[in-house]
Amino acid sequence: MTYANRGMGFEALINMSNDIYNRRGLAIITKRPTPMKVLGPAKIKNQHVAVFEKPSTVDYTGVYRGRAIEFEAKSTHSLTSWPLKDIHEHQVDHLRKVDQHGGIAFVLVEFVKQHAVYLLTVKHLLYAWTAAQTGGRKSIPIDEFDRLCLQVRSGRGVPVDYLAAVDQLIMEVESA
């Protein structure tokens, strides 16, 4: 697997989950395409040369239970932590803004070797991000994911049933 294709298996599972959610009428969540600018035709028939027009915001966007939902999907082969260099500042800022406007915003982090997926809330992401920017740790240890994040499992016929974890988040917010 090349560096450019890291996490493509994880994204395929999320796409399948989103398709199931959509077919069941639970949510409409789609993969956001990266903005590209076509420069012109290539030398090969029916192909074009394109470049990334600008950085994309996050991977997924949609609506769930009447609320905007946006999230980034990340995958790591590390046994001990998730490196914050895997997410860009503009993505962190976008997720923060979605959260401030009452949307549901988070990062799904897959630990490949542990076969574990976690829902990292914006609150915990911002805490770790701010610490890293001010000289602190540049990664989030897996034991913090175990303590502070919701684990996402397959269930209800959905390969990555992250909406079950989102439901827990919504209950926590509504009961506070």
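1. UniProt positions are given in the numbering used here, and such annotations may be inferred rather than shown by experiment. The model discussed in this note is predicted. For "binding site", an unreviewed UniProt entry lists T57, D59, E72 and Q91. These positions are spread over 35 residues of sequence, yet they cluster in space, with a largest C-alpha distance of 9.4 Å.

2. D59 lies in the loop between β3 (48–52) and β4 (60–64). D59 counts as buried because its relative accessible area is 12%, and the cut-off for buried is under 20%. Leaving aside residues up to four places away in sequence, D59 touches E11, T30, K31, R32, F71, E72 and A73.

3. E72 belongs to strand β5 (residues 67–76). E72 is also buried, at a relative accessible area of 2%. Beyond four places in sequence, its contacts include three residues that UniProt lists with it, T57, D59 and Q91, and also F106, V107 and L108. The side chain of E72 makes a polar contact with that of K74, at 3.1 Å.

4. Strand β7 (residues 104–111) is mostly covered, with eight of its eight residues buried. In a regular strand the side chains alternate between the two faces of the sheet. From β7, I104, F106, L108 and E110 point one way, while A105, V107, V109 and F111 point the other way.

5. β7 pairs with β5 in the parallel sense over eight bridges, and S75 has E110 as its bridge partner in β7. Six bridges join β7 to the antiparallel strand β8 (residues 116–121), where E110 is partnered by V117. The hairpin of β7 and β8 has four residues between the strands, and H115 takes a positive phi near 55 degrees there.

Terms used:
Residues numbered from 1 in each chain as written. Predicted model: local features only at pLDDT ≥ 70, side-chain atom pairs only at ≥ 80, totals over all residues. Heavy atoms only, no water. Helix = DSSP H or I, 4+ residues; strand = E, 2+ residues; numbered from the N terminus. Buried < 20%, exposed > 50% of the residue type's maximum accessible area, 1.4 Å probe, protein only. Contact = heavy atoms within 4.5 Å. Polar contact = N/O pair within 3.5 Å; in protein donor to acceptor, adjacent residues only side chain to side chain. Pairing = 2+ DSSP bridges.
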